[in-house]
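Please look over the model below before reading on. My notes follow as numbered points.

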Amino acid sequence: MLEKTYPVTHSDAEWRRLLTPEQYYVMRSHGTEAPGSCALLAEKRPGRFTCAGCDTPLFETKLKFESGTGWPSFNDPIEGSVENTVDRSQGMIRTEVHCATCGSHLGHVFPDGPPPTHQRYCINGVAMNFAADPA
């Protein structure tokens, strides 16, 4: 993980206890879930997607779009909820997205999204929970 101290921190043993093995792999080991494998990909109800590691609100449904990639995609995060770092793994340079509260890896952002931002926050669904707006 990054050398930064986050507002929410846990030991490695605590993270392993709090997260499922797949969540730990994605969020703490910078892994990627299989495309199309997460139920949140089809989630369209009004609400917010939150970090599975600390419950920080990350994205709103109104900024979610179908990118055809197999991962939930968003135009923009909720202000201040995520941070970006340079990811030089996999033989390429990408922009990693991680939770600003606990530092967990969420996915990557690419400059090929739709207007108005032209951003595609490509996020592992297993790294998020969903909370529907009250009816």
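1. How much accessible surface does the chain have, and what share of the surface belongs to carbon and sulfur atoms? The total comes to about 7,200 Å², and 53% of that belongs to carbon and sulfur atoms. Areas are from the Shrake-Rupley method with a 1.4 Å probe; for residues, only the protein chains shown count as cover.

2. Ground rules. This is a predicted model: local features need pLDDT of at least 70, side-chain atom pairs count only at pLDDT 80 or more, and totals for chains, interfaces and linings use all residues. Residues are numbered from 1 along each chain as its sequence is written, and side-chain values use heavy atoms, with hydrogens and water left out.

3. Overall dimensions. The chain has a radius of gyration of 14 Å, which agrees with the value near 14 Å for a compact globule of 135 residues. That radius is taken over C-alpha atoms, and the globule rule is 2.2 Å times the number of residues to the power 0.38. The C-alpha trace spans about 40 × 40 × 30 Å along its principal axes. Of the 135 residues, 47% count as buried (under 20% relative accessible area; exposed is over 50%, partly exposed in between; 1.4 Å probe, protein chains only).

4. Fold. The chain holds two helices and nine strands, in the sequence pattern α-α-β-β-β-β-β-β-β-β-β. Helices (H or I, at least four residues) and strands (E, at least two) are DSSP runs numbered from the N terminus. Of the contacts with a separation of 6 or more, 55% are between residues 24 or more positions apart. Contact means heavy atoms within 4.5 Å.

5. Six strands form an open sheet in the order 3-4-8-7-6-5, with antiparallel pairing. Strand 3 (64-65) and strand 5 are the edges; each has a single partner strand, so one side of each lacks a neighbour in the sheet. Strands pair if DSSP finds at least two bridges between them. Strand 5 and strand 6 are joined by six bridges. Asn84 has Val97 of strand 6 as its bridge partner.

6. Core. The largest nonpolar core has 26 residues. Such a core is a set of buried Ala, Val, Leu, Ile, Met, Phe, Trp, Tyr and Cys residues joined through side-chain atoms within 4.5 Å. Those with the most contacts inside it are Leu58, Phe59, Leu106, Tyr121, Ile123 and Met128. Elements giving two or more residues include helix 2 (21-29), strand 7 (105-110) and strand 9 (128-132). Helix 2 gives the most, with three residues. Leaving aside neighbours within four places in sequence, the contacts of Leu106 include Leu58, Val82, Val97 and Ile123.

7. Ser73. This residue lies in strand 4 (residues 73-74). Ser73 is buried, at a relative accessible area of 0%. Its side chain reaches the backbone oxygen of Trp71 at 3.2 Å. Beyond four places in sequence, Ser73 is in contact with residues including Leu63, Phe65, Arg120 and Tyr121.

8. Backbone checks. Most residues other than glycine have a negative phi, and most peptide bonds are trans. Gln90 has a positive phi of about 60°; it is in the loop between strand 5 (82-87) and strand 6 and is exposed at 64% relative accessible area. His118 also has a positive phi of about 60°. His118 is in the loop between strand 7 and strand 8 and is partly exposed, at 39%. Pro115 and Pro116 are joined by a cis peptide bond, with omega about 5°. Pro116 is found in the loop between strand 7 and strand 8.

Key
A polar contact is a pair of N or O atoms within 3.5 Å; within protein, one must be able to donate a hydrogen and the other to accept it, and residues adjacent in sequence count only if both atoms are side-chain atoms.
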